[in-house]
Amino acid sequence: MAIDYAKIGLKVGLEIHQQLNTQAKLFCSCPPALFKEEPEITFLRRLRPTQSELGQVDPAAFFEFQKGVRILYEANRATSCLVEMDEEPPHPLNMEAVEVVLTAALMMNMQPIDEVHVMRKTVIDGSNTTGFQRTCIIASDGWIKVGEKTIPMQAASLEEDAARKTGEEDGGKTIRYRIDRLGIPLIEVATAPVIYSPAEAQEVALAIGRILRDTGKVMRGLGTIRQDLNVSIPNGALMEIKGVQELELIAKVVEYEVQRQLGLLQVKEELNNRGVKAEDLRQEFVDVSAVFQRTKCKVIRKALDKGQMVLAVRLPKFGGVLKRELMPGFRVGTELSDRARFWGRVGGIFHTDEMPNYGITAEEVEALRKAVGAGVDDAVVFVADTAENVHDALKAVVERAQEAIAGVPAETRTAKEDGTTRYMRPRPGAARMYPETDIPPVLLTAELVEKIRASLPEPAEKKVARLMKEYSLNEKLAKQVVDSGYATLLETIVKASSVSATTVAAFLTETLKALKRDGVQIENVADEQVLEIFRAVGAGELAKEAVADVFAWLSKHEGKSLNDAVESLGLRPLSKKELEVIVDRVVAENKRSIEGLGNKAFGLLMGAVMKEVRGKADPDLVARLLKQRLR
Amino acid sequence: MTEKAESSGYKGEVLNALRKAGCEVGDIIRVTAGGKSYEGILIPRSESGDTAHIVVKLKSGYNIGIRIKPDVKIERIGKGAKPMFASPLLPEQKPELPKAIILSTGGTIASRVDYRSGAVRSALSASDLYGVVPELADVARVETEIVFSLYSENLTQQHWSQLAQKVAEHIAQGADGVIIAHGTDTMAYTAAALSFALQNLPVPVILVGAQRSSDRPSSDAATNLIAAVQAATKAPFAEVAIAMHETVSDTSIAITRGTKVRKCHTSRRDTFKPVNATPLARVNNGEVIMLTDEYQKRDATKKLILKPDFSEAVALVKFYPGLDPAVIDWHVEKGCKGILLEGTGLGHVSKYCFDAIRNAVNRGVVVALASQCIWGRVNMNVYDTGRDLLNLGVIPLDDMFPETALVKLMWVLGQTSDAAEAKKLLKINIAGEFSPRTMLDKFGVEGEEADGN
């Protein structure tokens with residue numbers, strides 16, 4: 001059943017973050033690069049919530065601090081200096097990055113800020129060694145055209161990317177972060193919440209992405225762009241969804257989120273009909289370890305063998321509610337489970353709506369129900385882990401169940417690869433921002449703004465027209481190239497090789513799309529490598545039929561060269577002599593069957609030769625040689 | 001615009017414009033310029049900022065600077081609220097815990113941020129401190145006193161004297177340990193000064209600071225402070241020492257003798273390094289682990305000997321190639337009673353300075369020498385130049401590094417004005433400033449492992 005999004009009052013705002021391809025990071029001279037090897041440097045830190053007015057401390061962060069969570073940072077010398085380690089004050093703001101953001105902002109018709117002030121936004125999950133993310137507004141209040149609609153743009157900001165999480169140890173008490181990514185400049189562009197359907201959200205994101213790519217200074221590839229969505233429906237809640245990495249996923253994420261909120265509203269109605277009140281849900285936990293003394297359930301067995309416990313709570317009149325599906329593979333029970341994972345550091349929860357299962361028998365379920373005094377309409381949630389963790393987990397479960405009675409809780413959620421979202425943390429309170437006093441304000445002078453305005457990249461429509469004219473591309477292909485963001489690469493390749501623009505354009509659009517669909521990590525191949533491939537094609541060193549295979553091979557063998565690919569795939573082009581030998585052989589082999597065929601013989605022989613030499617010889621040359629033989 | 005607002009950094013035309021619009025810092029204002037308007041809270045301007053912009057905190061929390069030109073319209077649309085710092089309740093004092101005194105000399109060992117205005121307020125009352133570092137309540141009964149509110153570069157010999165007297169008072173009143181919160185830049189000087197001024201200590205005196213300001217979540221202030229209180233109240237030694245990060249990790253705090261510790265890095269947390277020594281102790285997970293058995297023992301029955309006087313007529317002259325010896329003459333003319341020469345290598349100053357040095361010694365100035373190598377011991381018998389300097393009457397200060405040597409010279413000349421007496425006192429080991437053996441310890445910051453795991 002199609003949902004009428006206009007009717008339900010969906011509102012979406014987009015926040016697009018993309019890494020900038022600058023010479024250096026935002027606040028130091030390290031290169032904006034990641035490393036894959038073992039870290040050369042590690043150090044341990046704790047982040048302490050800075051006190052402000054009570055209640056302004058992020059509750060999740062304070063909780064983690066109280067639990068004694070430590071952060072193990074990993075670094076190497078190639079990608080980090082003392083600045084990322086928070087062992088040296090930041091250097092002044094990277095003006096190259098400021099100029100890139102200004103460029104994008106002016107393309108979005110925004111007004112530059114007169115004097116830029118860098119702020120500290122408190123983030124103490126460990127992703128920033130300082131405990132805050134540095135960020136500043138560069139311009140605000142603009143618009144872009146998407147189709148016929150004008151989308152108001154709120155602001156363009158420049159901020160430092162965060163460290164990336166690489167693991168957890170000691171049951172979540174030590175979190176590992178790698179600080180190579182920390183400090184890479186990010187542009188953040190935010191729209192007003194004026195997008196009214198999932199498809200439109202995706203279109204707007206595409207349009208913004210295109211403008212960002214037009215600056216020529218953004219990074220490409222997985223992990224370099226992240227879309228955050230603010231999604232709300234009336235009576236639901238404003239949901240902040242973080243980290244949608246694929247543009248193609250945006251519409252799906254919005255659809256699923258609407259489904260989830262609508263589902264939760266139905267759950268609320270159902271619970272209200274059953275007459276459940278928040279105060280009926282009590283934090284009364286029962287130790288049910290005894291019930292599972294002889295259990296066949298592996299998870300519980302393992303926990304009990306380690307001397308841990310099984311704790312249970314009764315959710316009155318919740319029977320049947322927990323198995324209700326909200327998104328594909330995601331039930332109300334999953335909502336409870338996500339909270340338990342976050343607050344209780346447990347692997348997950350069990351509940352009676354999914355029983356008997358996981359080796360837990362009907363008898364055990366019966367005994368469990370009896371132990372907590374659950375009636376037929378009640379659900380029981382139980383968890384196996386350490387005493388501390390199971391208490392925290394069930395406390396979070398009860399709180400989430402209470403919220404279900406009220407409707408949809410406002411949360412920060414994280415997007416999964418399948419488009420569903422999971423609980424990430426509670427929504428932060430008022431923006432916790434204060435000035436970064438280590439960095440002096442930066443004036444955006446009229447001269448600077450005018451200099452950038454005078455050399456803005458060509459707008460998309462103009463570029464399409466020019467590509468059609470200068471490279472004789474048809475309109476469809478020209479548009480596709482511009483949409484793909486490969487226009488500059490196309491021009492570079494065509495200028496540097498003698499390959500036709502249409503061939504290159506078809507590769508950069510349709511072929512790459514097909515390769516991506518087949519699971520090829522296209523971002524693993526650098527633009528320079530693509531250029532090299534086409535140079536080889538132009539020089540007759542590589543058949544153009546082999547381009548896709550070479551590309552796919554390179555994507556799987558990072559650090560290898562074009563020669564390696566040609567060698568490994570056996571694609572070294574045949575010399576004219578070698579080709580002549582093959583042509584002669586094929587003609588000889590088919591002598592009998594082509595007799596009397598006349599002109600038709602050519603097609604048959606051409607097919608036979610090409611079958612042997614595809615990717616290793618230019619078909620035009622094969623045709624020429626064949627015709628000579630047949631004459 | 002009131003006095004208060006004027007002190008908030010706005011001047012000239014901009015101040016006039018704000019005054020005309022009736023806007024004060026903290027008010028909600030609307031600024032309209034070229035058809036575009038910004039709404040937000042008027043924020044104070046940094047003293048070093050130019051006079052053409054005003055700073056507004058937008059609803060999103062971002063600050064921006066807006067250029068005030070004649071056509072810009074400023075309106076006041078709401079009254080500002082004062083920053084609110086609700087003091088948390090004082091935790092229950094546990095009577096069985098030792099009593100610790102935290103003296104503050106300035107800076108912000110603990111501070112809190114008002115996110116609305118960006119203002120940072122120092123937390124200096126005991127209650128504020130518990131609010132910021134609640135763990136303290138489990139370590140000691142903490143009392144606090146603000147002695148000065150100065151950046152550490154503004155502290156002088158007079159402040160050292162006052163501070164020594166203040167410490168003595170609190171020890172007399174039964175403190176089980178004294179903690180001094182101090183800016184890190186000159187903390188090692190103060191530590192050395194107190195080491196000489198407070199002799200025969202019954203309890204430890206621990207100086208502590210932070211390399212990252214305490215308004216940020218990654219600050220080392222709280223970890224250092226907790227360790228300092230633990231060392232002050234539990235450690236078996238009774239000396240003046242500095243408690244700061246041992247590595248760049250938050251895991252271990254080194255406690256290093258006040259005469260043997262130096263700030264060696266401009267920004268790292270582990271900036272304080274023992275010089276010609278190892279740390280006295282290390283605080284790890286709340287445990288004070290002694291690293292040596294050569295220390296003055298804690299003993300509440302010991303009677304503190306207070307010698308808080310320091311001479312101000314002392315100068316440090318660093319030798320460098322081409323130093324003009326007239327600098328030495330100038331100090332002597334100005335009435336200087338002691339000169340510490342920071343010599344090269346094993347203890348050398350060029351021959352062309354000899355006349356000036358001879359003149360100084362002849363006029364009763366105590367001239368002593370420490371090496372600018374920082375690490376190692378001076379030995380002025382190896383080369384002619386050293387022997388010549390000894391013959392001129394220059395006092396070699398063995399393995400004391402220049403800053404401690406300078407402070408000691410100030411202290412010695414605060415005790416006596418007799419040059420011969422002073423020279424004798426300089427060579428007596430008062431507070432562990434000399435060590436007879438030079439060991440193969442790590443030196444400098446180079447080569448240290450980054451991690452402390």
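View 1. Leaving aside neighbours within four places in sequence, Gln230(B) is in contact with Val139(B), Ala235(B), Val283(B), Gly286(B) and Val288(B), where contact means heavy atoms within 4.5 Å. Gln230(B) counts as buried because its relative accessibility is 10%, the cut-offs being under 20% relative accessible area for buried, over 50% for exposed and in between for partly exposed (1.4 Å probe, protein chains only). The model is predicted, so that local features need pLDDT of at least 70 and side-chain atom pairs count only at pLDDT 80 or more, whereas totals for chains, interfaces and linings use all residues. Residues are numbered from 1 along each chain as its sequence is written, chains are lettered from A and ligands numbered from 1 in the order in which they are written, and side-chain values use heavy atoms, with hydrogens and water left out.

**View 2. Arg226(A) in strand S12 of chain A.** Strand S12, which holds Arg226(A), runs over residues 225-232. Arg226(A) is classed as buried because its relative accessible area is 17%. Not counting residues up to four places away in sequence, Arg226(A) touches Glu15(A), Ile16(A), His17(A), Asp161(A), Arg181(A), Leu186(A), Gly243(A) and Val244(A). With Asp161(A), the side chain of Arg226(A) makes a polar contact of 2.8 Å; such a contact is a pair of N or O atoms within 3.5 Å, of which, within protein, one must be able to donate a hydrogen and the other to accept it, and residues adjacent in sequence count only if both atoms are side-chain atoms. Gly243(A) is 17 residues from Arg226(A) along the chain, and their C-alpha atoms are separated by 5.1 Å.

**View 3. Leu315(A) and the largest nonpolar core.** This core has 98 residues, and Leu93(A), Leu158(A), Leu315(A) and Phe318(A) touch the most other members; a nonpolar core is a set of buried Ala, Val, Leu, Ile, Met, Phe, Trp, Tyr and Cys residues joined through side-chain atoms within 4.5 Å. The core draws at least three residues from each of domain 1 (16-232) and domain 2 (279-399) of chain A, with bounds that come from an automatic or database domain assignment. Apart from neighbours within four places in sequence, the contacts of Leu315(A) include Leu281(A), Leu322(A), Leu336(A), Asp378(A) and Val397(A). A second, separate core of 56 residues includes Val167(B), Ile180(B), Ala193(B) and Ala405(B).

**View 4. The contact between chain A and chain B.** Chain A contributes 52 residues and chain B 46 residues, and the two chains bury about 4000 Å² between them, 51% of it on carbon and sulfur atoms; buried area is the accessible area (1.4 Å probe) that two parts lose on being put together, summed over both. Seven salt bridges are counted between the chains, each a side-chain nitrogen of Lys or Arg within 4 Å of a carboxyl oxygen of Asp or Glu. A salt bridge joins the side chains of Arg216(B) and Asp438(A) at 3.0 Å, N to O. Between chain A and chain B there are also 21 residue pairs in polar contact, both residues at pLDDT 80 or more. On the side of chain A that touches chain B, the largest share, seven residues, comes from S7(A).

Methods. Helices (H or I, at least four residues) and strands (E, at least two) are DSSP runs, numbered from the N terminus.
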